[in-house]
Amino acid sequence: MKESEWKTRKTRIDTHLRALNPPWTIIPYAEGMEIPKLRAHAIEEYPTANGKADYALVVHGKLLGILEAKKVGVGSQNVLEQVKRYAAGCKKTIGSWNDFNVPFLYASNGVEIHFADVREDGYYSRELLDFHTPDAMEELFNRDYDGAREWLSTNPNETERLRPYQRDAIHAFESGLLEKKRTMMLAMATGTGKTFTAVSMIYRLLESGYAKRILFLVDRRALAAQAAQAFAAFNTPKGNKFDKEYEVFSQRFRKDDFEDGEVFDIGVLPNAYLTRPTNSHTFVYVATIQRMAINLFGREGSFNQDASDPEIDDDAGHLQIPIHAFDIIIADECHRGYTSKDTNIWRNVLNHFDAVKLGLTATPAAHTVGYFGDPVFRYTVAQAVLEGFLVNYQAVKIKSDVRINGIFLKEGEQVGLRNPETGAELIDSLEDEREFNSSDIERKITSPHSNRKILEEIAKYSKEHETRTGHFPKTLIFAVNDIPHRSHADELVRLARDIFGRGDDFVQKITGSPSVDRPLEKIRRFRNRPHPGVVVTVDMLSTGVDIPALEFIVFLRPVKSRILWTQMLGRGTRRCPDINKEYFTIFDCFDGTLIEYFKGATDFGEFDEAGNTVTITEIIENIWNNIERDYNTKRLIKRLRRVAETMSAKAREDFSAFISEGDIPKFADGLQKALRDNFSETMDLLRNKSFQELLVNYERAKDPFYISYNTKDTVASEYLFKYDGRDLRPEEYLEAFTVYIHENKRHVEALTILFSNPHKWNSKALQDIRRVLKQALFDEEKLQKAHEQSGHKAMADIISLLKNADNTANPLLTALERVEQTMEHIMAAHTFNEEQKLWLGYIRDHLLENLSLEKDIFDEMPVFERRGGLAKARKVFGANFNIIIDEINTDLVA
């Protein structure tokens with residue numbers, strides 16, 4: 001820190017300038033020197049009207065830069081103000097900008113370098129990792145950024161197949177360039193086409209002249225291969241392939257980085273393009289960040305890799321790459337970096353270059369927002385689902401005492417002890433009790449029985465799915481680890497092969513373990529072929545892998561990272577028309593605690609409960625009755641998109657009777673606008689009973705049939721009930737219902753009859769109660785399901801549900817039990833002849849379905865009408881007819 005300024009200049013700054021390729025030649029100022037003859041010179045002690053500048057930077061006879069040095073202990077950023085005085089005091093030789101006669105200003109203490117291009121109004125200084133080479137400075141001076149921005153602002157995006165939100169994303173980025181931003185981020189949900197968006201964006205950047213050399217960074221070689229192919233396949237507005245208009249380079253790939261039979265002829269980037277960039281080079285380079293880190297810092301300064309790592313780059317080496325090698329860097333999946341070391345390497349790679357930097361991610365993390373800033377554009381999963389570009393998920397909770405409570409071993413209990421180094425196992429008896437908490441499961445101890453029962457429960461859902469859809473749901477299981485001799489992944493593979501019973505090829509492990517042969521090839525088979533149908537992984541498939549046909553995601557691994565959770569869910573969001581995919585299902589094997597933990601922390605928005613317990617008719621009626629109209633409109637749009645994904649050609653013809661050409665996707669797209677602009681006419685169509693019936697019973701497209709095998713169900717699973725924006729367990733749902741009843745039983749007319757005026761009980765009161773409860777999200781079927789899931793009586797009648805919520809001492813009765821009880825009371829209170837008993841039997845049958853009795857129905861219901869109706873009933877029961885009806889109704893709700 002006591003180093004003098006002179007020493008800083010000689011040992012640090014001069015060394016930097018001479019080390020560049022090409023280097024700066026450092027010379028002292030001399031009176032009368034011929035500056036036009038200098039080519040790449042740094043002139044020391046250059047005189048200006050405002051004092052001597054430490055260095056004047058001359059390229060091909062042009063004074064392009066002023067550099068002021070300070071000793072290492074002085075911060076360099078504020079020194080730019082001194083440099084500005086010198087730039088203003090130079091003679092005007094090549095132009096003047098904002099009262100400065102030199103365009104490029106530098107301030108450095110030998111460690112920090114701050115730079116400002118003062119040619120533009122509202123310019124911003126920025127920090128550099130190194131000085132510009134003479135070539136870089138000349139290229140920067142000659143680049144027409146104003147013309148490029150003008151091109152971007154006046155030329156519409158004519159790329160084919162761009163979706164509206166992708167155009168919006170590109171527009172947001174280009175607007176940022178017009179505002180002279182140099183770091184930006186686009187947040188787009190997994191599966192919404194970030195790569196295609198980026199390719200279209202890059203083409204416009206090259207066409208405009210804003211950029212000439214662009215780096216597209218990914219973090220896996222397979223993703224680099226996919227991106228390189230995306231460039232090669234891209235059709236430009238001129239009708240050419242991208243690589244026919246601009247050079248596209250990549251790193252060296254292996255055969256197993258590509259699908260079988262794929263031809264790939266994109267060239268490998270020559271090292272000279274990196275080490276000696278020139279203005280004549282215009283290209284895109286697709287590379288992994290691991291390779292670029294090795295190029296910049298050597299293997300010792302890069303990410304930890306060993307020979308078994310599938311991402312290893314054997315041919316990568318350290319190169320001297322200048323800071324201007326790229327004009328723009330696009331970092332795909334920029335949220336990556338789960339350790340502080342990885343994050344630092346990631347930042348160092350990006351910081352090395354003096355370039356505009358754009359981050360692409362589905363899950364902005366704190367470290368990415370800190371680097372790139374808040375997203376300039378965001379497109380969430382909820383938006384993509386609503387607009388039909390992604391599918392949402394439904395949730396199933398699986399209860400496992402072992403996963404929640406851990407394992408307690410008693411003294412004397414026999415256990416298997418496995419040597420973690422050799423795998424050798426022996427049976428031993430414990431000499432003392434041992435307790436393992438839930439975090440120890442699969443790390444310190446395993447329960448084969450627990451793993452088997454959980455997989456058997458999942459197999460039950462697989463079987464139901466296969467029976468319903470005609471195909472087995474591709475299933476991804478996240479295991480805790482894949483450590484030799486105690487691999488949770490291996491144990492799950494072994495059990496799953498036995499449970500599903502379809503052979504070894506049907507269940508595969510795909511991890512980064514050396515025990516997995518050609519994992520990238522296995523991923524491709526999982527994506528493109530029927531087998532494997534079940535894959536067990538740990539991390540390798542958690543991000544960056546597209547498997548559109550994936551329908552089941554199983555969490556047997558605890559997750560604490562919001563980013564990782566969202567990325568894992570993102571594996572299932574992609575649409576798959578080939579299987580008419582409507583949604584995907586997640587299995588939370590920790591009793592729903594993962595879902596609860598991440599509630600509100602992702603951009604998935606609302607999700608459907610398993611089974612769609614709210615009917616499409618009820619959703620339409622909610623819209624009609626202005627019950628959460630916006631929310632229910634979005635729900636209806638989702639249902640319509642599911643119809644569109646699964647309908648047959650005949651169904652399209654059937655729908656054409658109601659909407660133009662039977663175009664359900666177009667109808668869904670325009671539904672929100674139609675409801676705003678023409679509510680009555682739109683609702684007339686939606687409430688048309690024939691249209692509603694078709695929405696439920698339309699002909700589905702036929703899928704091939706696969707054989708399914710029976711499995712036992714001994715592990716309990718549990719539905720989640722949505723109420724008031726929350727996902728409630730059955731007990732919580734019933735508690736919420738109890739609160740609702742206590743708060744409303746004296747204020748809602750239909751409820752006051754049941755609880756306070758039972759003598760007024762009739763069919764209208766019953767209908768009103770059911771309607772009110774549905775509006776409050778407590779429909780009868782859900783309440784019955786919640787009681788059943790809670791271990792209470794199944795199929796309790798609506799009266800029991802209400803009375804038990806008010807007071808748990810009131811028993812839960814089925815409709816049969818309630819009616820039988822009432823009829824016993826009536827029979828005990830009166831003496832009846834045989835004909836009257838016969839009619840009481842007819843009344844009993846009616847009550848089983850209706851739970852109320854009125855005089856009018858005797859002339860309406862066939863069971864009474866065909867036996868003489870009301871007149872006959874009055875004759876049979878005589879003067880007691882009205883009394884008996886009142887007593888029956890009162891007793892039913894007593």
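A residue counts as buried under 20% relative accessible area, as exposed over 50%, and as partly exposed in between (1.4 Å probe, protein chains only). This briefing concerns a predicted model, in which local features need pLDDT of at least 70, side-chain atom pairs count only at pLDDT 80 or more, and totals for chains, interfaces and linings use all residues. Residues are numbered from 1 along each chain as its sequence is written, and side-chain values use heavy atoms, with hydrogens and water left out.

**Salt bridges**

- The structure holds 53 salt bridges, each defined as a side-chain nitrogen of Lys or Arg within 4 Å of a carboxyl oxygen of Asp or Glu.
- R729 lies in the loop between β29 (726–728) and α27, and D591 in the loop between β25 (584–588) and α19 (593–597), so the pair ties together parts 138 residues apart in sequence.
- R729 is partly exposed at 29%, while D591 is buried at 16%.
- A network of salt bridges links R9, K10, D14, E44, E45 and D54.

**Helix α22**

- Helices are DSSP runs (H or I, at least four residues) and strands likewise (E, at least two), numbered from the N terminus.
- K650 and D654 form a salt bridge at 3.1 Å, N to O; they stand 4 residues apart in helix α22 (residues 649–655), about one helical turn.
- K650 is partly exposed at 43%, as is D654 at 27%.
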